[in-house]
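Dear colleague,

Please find below the structure I promised to pass on to you. My findings follow directly after it.

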2 protein chains.
Amino acid sequence: MDPHLLRTFVTVAECGSFSAAAERLGYTQSAVSQHISALENDLGTPLLRRRPVTPTPAGERLLEHAAPILLRLATARADVRRTLAQPPTALILATTPLATAGAGATAGAGAGAGAGAGAGADAGAAAQPGALAVALREVRRSHPGTEVTLTVCGRDEVVEGVAAGTFAIGLVDGVAAPSDPLRLSDAVHLRTTPVAHDDLIVALPNDHPLAGRRGLALRDLADARWIDAPDLAAPLPVLRAATGSDGFRPAFTYAGTDLHTLLTLITSGHGLAVLPRSVPAPSTVPVMSPRLVHRTELLHGDLSEPAALLLSNLK
Amino acid sequence: MDPHLLRTFVTVAECGSFSAAAERLGYTQSAVSQHISALENDLGTPLLRRRPVTPTPAGERLLEHAAPILLRLATARADVRRTLAQPPTALILATTPLATAGAGATAGAGAGAGAGAGAGADAGAAAQPGALAVALREVRRSHPGTEVTLTVCGRDEVVEGVAAGTFAIGLVDGVAAPSDPLRLSDAVHLRTTPVAHDDLIVALPNDHPLAGRRGLALRDLADARWIDAPDLAAPLPVLRAATGSDGFRPAFTYAGTDLHTLLTLITSGHGLAVLPRSVPAPSTVPVMSPRLVHRTELLHGDLSEPAALLLSNLK
DNA sequence: ACTGTTTACGTCACGCGTAACGATG
DNA sequence: CATCGTTACGCGTGACGTAAACAGT
């Protein structure tokens, strides 16, 4: 189970195609085919059904393990490399778009290069500084000379980037039971600190019958039109799991990280989404049940890094 | 970072010798040497100091990751293989020696083949059935025809065995803060269920000045003579971490899994050990501070396995 | 001097690409 | 028939063992 094989396996599974995976990885289709059959050979069972390319049950089990393994390999490499490098003169702080919600939002500190640095989280007037503001302030105080770049991207990119050492620090938000940690399934080996939490609301169009209600039980909305915005709102599978319902089927998917766009979609009636209370949505109803909160956690790969100081200051 | 390289790296680090590792792995010294330099080359830094063979800081970082990665690779393989096999006609339940403590001990159910099946945990008359008894009973009820073998071994062997699929189920005991899970560092990806807990005591020789006390703070014993019995008692590093002291230095190490032997050692004054309250030690003092408990957790690799039923019955 | 690691070198296998083949919609 | 996966084959790289050089204790 060479990591290369594993990597092409997950890529093929993602792409649903040998040739697409080959291109993405810079191999020939032939090589990819050989990788897969090497794996299948080694494990003694088919992992993919061909045409269409679909994981077999065995393949699904392998997929559950492959990504975390690759992630951890990346972390290992990054961790080792970090022992060599002198304190960086520049570092990147990555965040999911709503990781700043909770205590209030922050002014959009100069968004940096990198990935999908969308509108960020300039979510209106801040009562008290949010997680991002705290993180930024601390980084800058503890590393006066260091050039800090801020990048906004999806959960997975943040986790992968922190694991691989591309990002020094990550802020990730998500939905969890009140005092549970975020289930960053694949990031178990990264150090994690909770930094903020917030209640949840359902964002609604203004004319929605529920608008103005004092609160609601999510279950009752299982059959509503939902927007799946996994990098921004509570992912629908999480809602399904939390309510034990199999509703919450996406009317459509918004893959972006721009809050404003999502709110526009919601307001204009394309569907609902569960968001932290602090977002400036025109019409919202608090989620009373099940008991869930919006949570922000800080991620970092290595305590000997800048994040160490940060950590002690946040605790 | 080929797993093979990683494996020889951890083996070399464990053995403290290239040649010993070579023998253990069935390679020549030369191959081992090449593996290590391949790794060092790939990562761009020395990982081991030679003569004596000792990890560099970079090597230590890598070691932290290597074992879990290898463990998870094993789990992945085992998980995939499991999707193929029909329900087993025989299964092995592995347990650490004291995983049965907590609610009371159990009669030593026929100890099986395998590893170091020592004296097991026949620790006197049981008030109510312990974790092992519960686990065994449930396995046998849910798998009437299945031949169940019980094996007693150290924590690491249990974890590795469950990960690799050698053991269907594992019971692991350890020391943790009152409602924390056991920190089975490398086993994060295995499913885990707490099944029992117990208070902690320090086992003493009869004539020890503290004998008969109502309770004590561990810190006060930091400088006592301690026996390091990592597979049986609370490992000393755990005590150091929990007390924030750097005492608890081992007078000597007992590598076995036999409780009776350890108690004999303690009683005859060779040193102290922290054990669950339910062990039949002649002279004990409850540990009042720090707040720690002895905990038993059930480990299994796959919910679709026998353990699934078990789980639901234990919950 | 002895033990133990590294280096040099030869062999063999493996991994990848090219290209022909096969299957499927 | 067009697309996509598989198989056959050849080449180069890389992995391992043998054996000689080298370095600590």
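Beyond its neighbours within four places in sequence, A:Leu39 is in contact with A:Met1, A:Leu5, A:Leu6, A:Phe9, A:Leu47 and A:Leu62 in this predicted model. A:Leu39 also belongs to the largest nonpolar core, which has 46 residues; A:Leu39, A:Leu62, B:Leu39 and B:Leu62 are those that touch the most other members. Two or more residues of this core come from each of helices H1 (3-15), H2 (18-25), H3 (29-43) and H4 (57-84) of chain A, and likewise from H1 (3-15), H2 (18-25), H3 (29-43) and H4 (57-84) of chain B.

In chain B there is an open sheet of five strands with mixed pairing, in the order S4-S3-S5-S13-S6. Strands S4 (147-152) and S6 (191-198) of chain B each have a single partner strand, so one side of each is left without a neighbour in the sheet. From one strand to the next, the twist averages 20°. Strands S3 (residues 90-95) and S5 (residues 169-176) of chain B pair in the parallel sense over three bridges, and B:Thr95 stands opposite B:Leu171 in S5(B). Helix H6 (residues 155-164) of chain B packs on the sheet, where it touches S3, S5 and S13 (293-300) of chain B. The direction of H6 makes about 140° with that of S5(B).

As to confidence, chain A has a mean pLDDT of 80, with 85% of its residues at 70 or more. Among the elements of chain A, H1(A) has the highest mean pLDDT (94) and helix H9 (residues 307-314) the lowest (43). Over residues 305-315 of chain A, pLDDT is below 50. Where pLDDT is low, the predicted coordinates should not be read in detail.

With kind regards

Note on methods
Residues numbered from 1 in each chain as written. Chains lettered and ligands numbered in written order. Predicted model: local features only at pLDDT ≥ 70, side-chain atom pairs only at ≥ 80, totals over all residues. Heavy atoms only, no water. Core = buried A, V, L, I, M, F, W, Y, C linked by side-chain atoms within 4.5 Å. Buried < 20%, exposed > 50% of the residue type's maximum accessible area, 1.4 Å probe, protein only. Helix = DSSP H or I, 4+ residues; strand = E, 2+ residues; numbered from the N terminus. Contact = heavy atoms within 4.5 Å. pLDDT = per-residue confidence, 0-100. Pairing = 2+ DSSP bridges. Axes fitted to C-alpha atoms, helices over the stretch in contact; angles between N-to-C directions.
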